[in-house]
Amino acid sequence: MNPKIRLSILIVLLIALNACGGGGESGGTGGTGIVSTGVMTKGSVILNGVRFDDTNAEVSIDDNTSKTRDDLKDGMVVQLLGRVGVFGVATGGTALRVEAQIEVRGIVTAVDASANPQQFTVLGQTVLVDELTVYSNSFGFGSITADPAGVTGSLVEVYGLRDSKGNIRATRVEDEAAEMGNSLVDEIRGVVTERDNSSDQFFRVAKQSVDASSAIIRPTGASFGNGDIIEVHCTHRPVCVDGLGNFVATLIEVEKVEDSAFLPGFNGRFELEGFISGFDSPSDTNFFVAGIPVTRTGSTRYEGGNNTDLANDIKIEAEGTWSGSALIANKIEFKRSVVRLQGFAANRNTTDQTFDLQIANNNYVVKIERDFFTDGPLPSNDPSTCVQVRGQLVVGAISPTVTAGEIDVDGCSNSKRHFIQAPVEAESPETTITLLGFVLNVSNPTAFPQWVNVNDQGISRTTFFDTVTAPSTNAAGVPVPGTLVKVIFNDGTNSVRQAEIED
């Protein structure tokens, strides 16, 4: 674990423990207290698979407490303090307090539409967008303009989650001044680095150098150091960055004090969404999600993937309880279900970093986009070489397209037999299931056992189809993904060898 981040968390912990057990247990009566952090969907507030009624919630956006529930929008990253009823999260909960957090606000200084993924720069922050990024206008990425001088480019407010390299994976890009937390103030939120001591006024926040010599510190008397998360504000636009490249801060807000209410008490319920960091090996049980320590155990359940899919920069939701120093995960959900494919590569395009993966004697072709973080070159066009891909489905693509987080050449499993592993999109009783848009007949596989459950035990066809479900919604109206299934094909054919339900 990064000792700087660990120190920050422990300081927050001490504050929370001194505050009568932390915010997560003060959620009122009539239910269980809960703290939840992640990307929200409107209606009232849908967060980490739970619909919270926000009718009476206190709402703030970037510390602006004049906001109301009507100001909360799709794609905002929020912290929520609330409670869930005695029947659990499936029936929804009640939000008591919701705080939306932006990562950066300012003038766009660079745009790169040809990058993979597309990106732009604001106040030294690299902002990456994808097909799930929500834009406040109908023109999307194409409406963003840049000015290297930081004067005439688009003014944007960006919500997002930081990846392991400090980039912002944008979940919402707001360009409507009236909808912003404060359209007159530039801001960067991030981790402090390179601060020598408490009197050092020159340091970095999220890679941007900062001059804090004229800044007011809030709350009054608060202190901060390396590893702490702070917000730096500037009211001097368009000259918030001086001639030396420093962001000239007029106000610094220290989050470890302000956000202590959003840390659960001991054994309090905690749900957290973000990108994994600090994951060094497949055996790691301790890592970070959105900068918060997470511990997985032998009883941790996985949805949308399994324990072998954990890696840095994979977006997950961790659910569990706060131990006093970490979130102990009883469930880890991959926010974009992990897709695994095995076949051979064709139609390699080194310009746009894509290739086709041909599966089951070329009957199923999936376009593979090389992810921003994928190491190594593209595989060659060689039908004798087996290629395995782990990635995530691109939503809304015309044909099946997967963004690859891992490309393994000649490292195939299942005796190099081709397979598709993905969430079920549709099913026909005891006959077919649909994966990645491909309708696959799994009524009579050739291997024994023909159908396998999550415990690798053989089951009947009826049990298999009774267990497999297509996408649905739960009792609170929250979307639930289809069952994760792997279909293995016989060598050189499109006939199904085995169908497995994955955890």
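Mentor: We shall discuss a few strands, some aromatic rings and one arginine.
Mentor: This is a predicted model, in which local features need pLDDT of at least 70 and side-chain atom pairs count only at pLDDT 80 or more, while totals for chains, interfaces and linings use all residues. Residues are numbered from 1 along each chain as its sequence is written, and side-chain values use heavy atoms, with hydrogens and water left out.

Trainee: Which residues of strand β3 are on its covered face?
Mentor: Val50 and Phe52 are on the covered face, whereas Arg51 and Asp53 are on the uncovered one. Strands here are DSSP runs (E, at least two residues), numbered from the N terminus. In a regular strand the side chains alternate between the two faces of the sheet.

Trainee: In which sense do β2 and β3 pair?
Mentor: The sense is antiparallel, over 3 bridges; pairing requires that DSSP finds at least two bridges between two strands. Leucine 47 stands opposite valine 50. The hairpin has 2 residues between the strands, and asparagine 48 takes a positive phi near 50° there.

Trainee: And how many bridges join β3 to β6?
Mentor: There are 2, and these strands run parallel. Phenylalanine 52 has glycine 93 of β6 as its bridge partner.

Trainee: Changing topic, how many aromatic pairs are found in the whole structure?
Mentor: The search finds 7. Rings of Phe, Tyr and Trp (its six-membered ring) pair if their centres lie within 6.5 Å; planes under 30 degrees apart count as stacked, over 60 as edge-to-face and the rest as tilted. One of the pairs is phenylalanine 270 with tryptophan 322, edge-to-face at 5.8 Å centre to centre and 75° between the planes.

Trainee: What does that pair tie together?
Mentor: Phenylalanine 270 lies in strand β20 and tryptophan 322 in strand β23, so the pair ties together parts that are 52 residues apart in sequence.

Trainee: Is arginine 340 buried or exposed?
Mentor: Arginine 340 counts as buried because its relative accessibility is 12%; buried means under 20% relative accessible area, exposed over 50%, and partly exposed in between (1.4 Å probe, protein chains only). Arginine 340 is found in strand β25.

Trainee: What does it touch?
Mentor: Leaving aside neighbours within four places in sequence, arginine 340 is in contact with residues including Thr308, Asp309 and Phe419, where contact means heavy atoms within 4.5 Å.

Trainee: Which charged end sits over the ring of phenylalanine 419?
Mentor: That of lysine 486, 4.6 Å from the ring centre. The criterion is NZ of Lys or CZ of Arg within 6 Å of the ring centre and within 35 degrees of the ring normal.

Definitions and conventions:
Helix = DSSP H or I, 4+ residues; strand = E, 2+ residues; numbered from the N terminus.
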